[in-house]
Amino acid sequence: MSGCADGKGIIVGVDGSAASRAALRWAVEQAHALDTEVVAVHAWEPVRAFAPYAPVSARPTPAEQRERAAEVLATSVRDVFGPHVGPGIRAVLAEGPPAHVLLRQARGALLLALGRGPRERWELPVVGPVGRECLRHSTVPVVMVPASGRTGAPAATDVPRRLHRVAG
């Protein structure tokens with residue numbers, strides 16, 4: 001893959017969930033079609049405040065927290081691509097609030113891909129707080145990929161009965 005001019009390609013938010021892995025798979029397919037790279041981004045924030053009664057041994061250091069965050073990113077990438085990650089895939093671990101990190105990483109990119117939770121039978125798709133923040137403030141297109149990987153129009157059984165029209 002040659003990559004886009006600014007080297008940003010498609011940015012994918014990765015948090016270890018099935019939805020973020022679906023977004024990563026989707027982004028790779030798009031990257032091949034667009035001849036660009038995929039940048040898998042995992043944002044983490046160190047937990048500084050612990051309950052005062054928590055034992056000191058139960059309080060991970062910032063270095064340990066960073067190591068756990070790196071493992072989430074590595075495991076997600078490995079789950080999608082297996083042990084051999086191609087040259088068109090980069091993994092970025094960044095400290096900071098997830099929405100801010102993703103929006104910063106996405107500046108100048110072709111698009112930002114995020115996973116979204118599955119919807120229940122009659123509910124709207126789940127978009128979490130990070131997704132909502134990215135949708136509100138992104139300067140590039142944002143694609144929300146469903147966890148199930150299902151695409152296309154919803155089946156008739158997904159539409160409440162009161163919305164069905166009867167031809168007469």
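On a 1 Å grid over the protein atoms alone, a pocket is an open set of points where a 1.4 Å probe fits, with protein on both sides within 12 Å along at least five of seven lines, and its lining residues have an atom within 4 Å of a point. Grid points are joined across faces, edges and corners, and a volume is the space filled by probe spheres set on the points. The structure is a predicted model, in which local features need pLDDT of at least 70 and side-chain atom pairs count only at pLDDT 80 or more, while totals for chains, interfaces and linings use all residues. Residues are numbered from 1 along each chain as its sequence is written, and side-chain values use heavy atoms, with hydrogens and water left out.

The largest pocket holds about 350 Å³ of space. It is lined by 22 residues, of which D15, L114, G115, V130 and G131 are the closest to its centre. At least two lining residues come from each of α1, β2, α3, β4 and α4 (129–137). The lining comprises 12 nonpolar, 8 polar and 2 charged residues, where Ala, Val, Leu, Ile, Met, Phe, Trp, Tyr, Cys and Pro count as nonpolar, Asp, Glu, Lys and Arg as charged, and the others, Gly among them, as polar.

The chain contains 4 helices and 5 strands, taken as DSSP runs numbered from the N terminus (helices H or I, at least four residues; strands E, at least two). Along the sequence these elements follow the pattern β-α-β-α-β-α-β-α-β. Of the 168 residues, 35% are buried, meaning under 20% relative accessible area with a 1.4 Å probe and protein chains only. Among contacts (heavy atoms within 4.5 Å) with a separation of 6 or more, 75% are between residues 24 or more positions apart.

A nonpolar core is a set of buried Ala, Val, Leu, Ile, Met, Phe, Trp, Tyr and Cys residues joined through side-chain atoms within 4.5 Å. The largest such core has 18 residues, and those touching the most other members are I10, V12, V14, L24, V38 and A40. Two or more of its residues are given by each of β1 (10–13), α1 (18–34), β2 (38–44), α2 (62–81) and β4 (111–116). The largest share, 6 residues, belongs to α1. Beyond its neighbours within four places in sequence, V12 contacts S20, A23, L24, A27, V38, V39, A40, V41 and A113. Another core, of 17 residues, lies apart from the largest one and includes V92, L102, A109 and L114.

Helix α3 spans residues 98–106 and contains Q105. Its buried residues are A99, V101, L102, L103, Q105 and A106, and these pack against β1, β2, β3 (89–95), β4 and α4. L102, in α3, is buried because its relative accessibility is 5%. Outside the four places on either side in sequence, L102 is in contact with G13, V41, L112, L114, V130 and C134. With residues up to four places away in sequence excluded, Q105 touches K8, I11, V41 and V92. Just after α3, G108 adopts a positive phi of about 85 degrees.

Conventions
Buried < 20%, exposed > 50% of the residue type's maximum accessible area, 1.4 Å probe, protein only.
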